[in-house]
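Hello,

Here is the structure we talked about. Please open it first, then read my notes below.

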Amino acid sequence: MKNWKVFTGCLAIFLSGILAGAVIGGIITKHKMEAVFHEGPPAFKRLILSKLSGELHLTKAQLRDIEPIVDKAHIELKQLRQRHQPEAERIIEAAISEMKTKLTEVQSKELDLFYEDARKRWHDR
């Protein structure tokens with residue numbers, strides 16, 4: 001009987017560790033994604049450079065050499081996004097119109113506010 005209690009106790013501790021790790025990992029990931037979403041390009045650039053540095057074990061010199069390349073790619077991607085933004089907005093607006101047929105009036109107004117906030121962030125970048 002004692003072995004069963006010890007085993008159950010160890011299992012409970014192990015499972016609580018897994019649960020705590022998952023919750024903390026989720027919170028950290030959510031925080032990083034929100035930072036990228038709200039801060040925009042500077043946060044995204046930091047995230048990309050950090051990921052490249054960690055995955056490739058870059059030296060400081062390599063990181064200095066790669067940073068302008070990331071900057072250049074960001075500028076080119078921004079220009080591409082600006083060229084295609086009107087088309088993307090038409091698609092999103094059509095989807096929103098279709099969604100509104102499934103929403104209440106209050107939800108529809110909340111969706112409008114959400115979309116307007118997102119549009120402001122897109123155009124600020």
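This is a predicted model: local features need pLDDT of at least 70, side-chain atom pairs count only at pLDDT 80 or more; totals for chains, interfaces and linings use all residues.

H3 has a bend of about 50° at histidine 84. A proline, proline 86, follows within four residues. Buried residues in H3 include Gln85 and Glu89, along with Val70 and Ile96.

Now the charges. There are eight salt bridges in the structure. One of them pairs aspartate 71 with lysine 45, with 3.0 Å between the closest N and O atoms. That pair links distant parts of the chain, 26 residues apart: aspartate 71 sits in H3, lysine 45 in helix H2 (residues 41-56). Aspartate 71 counts as partly exposed, because its relative accessibility is 29%.

Lysine 72 and glutamate 76 form another bridge, at 3.8 Å from N to O. Both lie in H3, four residues apart, about one turn of the helix. Lysine 72 is exposed at 53%, while glutamate 76 is partly exposed at 44%.

Aspartate 112 and lysine 100 also meet in a salt bridge, at 2.5 Å from N to O. This pair joins helix H4 (residues 105-124) to H3, across 12 residues. Through shared partners, salt bridges also join Lys45, Glu67 and Asp71 into one network.

Last, the surface. Trp4, Phe7, Leu11, Phe14, Leu15 and Ile18 form a nonpolar patch there, with about 660 Å² of accessible area together. Phenylalanine 14 belongs to helix H1 (residues 2-39). Its relative accessibility is 53%, so phenylalanine 14 counts as exposed.

Best wishes

Conventions
Residues are numbered from 1 along each chain as its sequence is written. Side-chain values use heavy atoms; hydrogens and water are left out. Patches are made of residues with over 30% relative accessible area and no salt bridge: like charges are joined within 9 Å, nonpolar side chains (Val, Leu, Ile, Met, Phe, Trp, Tyr) within 5 Å. Accessible areas come from the Shrake-Rupley method with a 1.4 Å probe; for residues, only the protein chains shown count as cover. A salt bridge is a side-chain nitrogen of Lys or Arg within 4 Å of a carboxyl oxygen of Asp or Glu. Helices (H or I, at least four residues) and strands (E, at least two) are DSSP runs, numbered from the N terminus. Buried means under 20% relative accessible area, exposed over 50%, partly exposed in between (1.4 Å probe, protein chains only). The bend at a residue is the angle between axes fitted to the seven residues ending there and the seven starting there.
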